[in-house]
Amino acid sequence: MIVKNKVRLAGIIQESVVDGPGIRIAIFMQGCLHNCLNCHNPKTWDLNGGKEYNLDYIDDIIKNNPYTDGITITGGDPFYQLEALNEILKLINDKYKLNTIVYTGFAYEELLEMISEHKVVLDILKKIDILIDGKFDYERRDLSLLYRGSSNQRVIDVKKSLRENKVVTTEF
């Protein structure tokens, strides 16, 4: 499923105001095996669904949206496409210097455990500004939370967490 310079997407919203602060490009990556009850994106679950794109497609979208405040990568779960996620974040960080928010159903601690098997996970984490982690838990749904669906999900300052070797949460 992972091909160099290719990514499987469910879609892209070029001007989102609900996926993080400011006007953001929201990239919806395809594939998720968390199967959260009442997920609002169940069409993104199929690992072979969506459509495959070249990274140039994402580059063109960012280039043609000069007033973008940042990029949000969601899904599905972006961590089911490790190489593609790493390449997207590299593009964003190296060429555009935009802040990044990444959503995942995995807990931050689970991602750290993955590093021993998938070294690229550490490379990915180093490129993320904010990680919103944890599965959507319908029993803990809270509509008052900014950019999160349930109270178990954390807003993590990844760079500070890596530097301090502990989870550092933040707010928007």
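**Notebook: salt bridges, backbone and pocket**

I began with the side chains of Glu109 and Arg154, which meet in a salt bridge at 2.7 Å, N to O; a salt bridge is a side-chain nitrogen of Lys or Arg within 4 Å of a carboxyl oxygen of Asp or Glu. This pair links distant parts of the chain, with Glu109 in helix 3 (residues 108–114) and Arg154 in strand 7 (residues 154–157), 45 residues apart. Helices (H or I, at least four residues) and strands (E, at least two) are DSSP runs, numbered from the N terminus.

I noted that the model is predicted: local features need pLDDT of at least 70, side-chain atom pairs count only at pLDDT 80 or more, and totals for chains, interfaces and linings use all residues. Residues are numbered from 1 along each chain as its sequence is written, and side-chain values use heavy atoms, with hydrogens and water left out.

**Entry: the network around Arg154**

I then followed Arg154 to a salt bridge with Asp133, where the closest N and O atoms are 2.6 Å apart. Here too the pair links distant parts of the chain: Arg154 is in strand 7 and Asp133 in strand 6 (residues 130–133), 21 residues apart. I recorded Glu109, Asp133 and Arg154 as linked in a network of salt bridges.

I looked up accessibility next, taking buried as under 20% relative accessible area, exposed as over 50% and partly exposed as in between (1.4 Å probe, protein chains only). Asp133 is buried at 1%. Arg154 is partly exposed at 23%, and Glu109 is partly exposed at 34%.

I found six salt bridges in the structure. Another of them joins Asp59 and Lys95, with the closest N and O atoms 2.9 Å apart. Asp59 lies in helix 1 (residues 55–63) and Lys95 in helix 2, so the pair ties together parts that are 36 residues apart in sequence. Asp59 is buried, with a relative accessible area of 10%, whereas Lys95 is partly exposed at 48%.

**Entry: backbone**

I checked the peptide bond from Gly75 to Gly76, which is cis, with omega near 20°. Gly76 sits in the loop between strand 4 (70–74) and helix 2 (82–96).

I also noted positive phi values in residues other than glycine. Asn35 has a phi of about 50° and is found in the loop between strand 2 and strand 3 (51–54). Asn38 has a phi near 60° and lies in the loop between strand 2 and strand 3. Asn35 is partly exposed at 47% relative accessibility, and Asn38 is partly exposed at 45%.

**Entry: the largest pocket**

I recorded a volume of about 620 Å³ for the largest pocket. Of the 30 residues that line this pocket, the closest to its centre are His40, Thr74, Tyr103, Phe136 and Gln153. On a 1 Å grid over the protein atoms alone, a pocket is an open set of points where a 1.4 Å probe fits, with protein on both sides within 12 Å along at least five of seven lines; lining residues have an atom within 4 Å of a point. Grid points are joined across faces, edges and corners, and a volume is the space filled by probe spheres set on the points.

I divided the lining into eleven nonpolar, 14 polar and five charged residues. Ala, Val, Leu, Ile, Met, Phe, Trp, Tyr, Cys and Pro count as nonpolar, Asp, Glu, Lys and Arg as charged, and the others, Gly among them, as polar.
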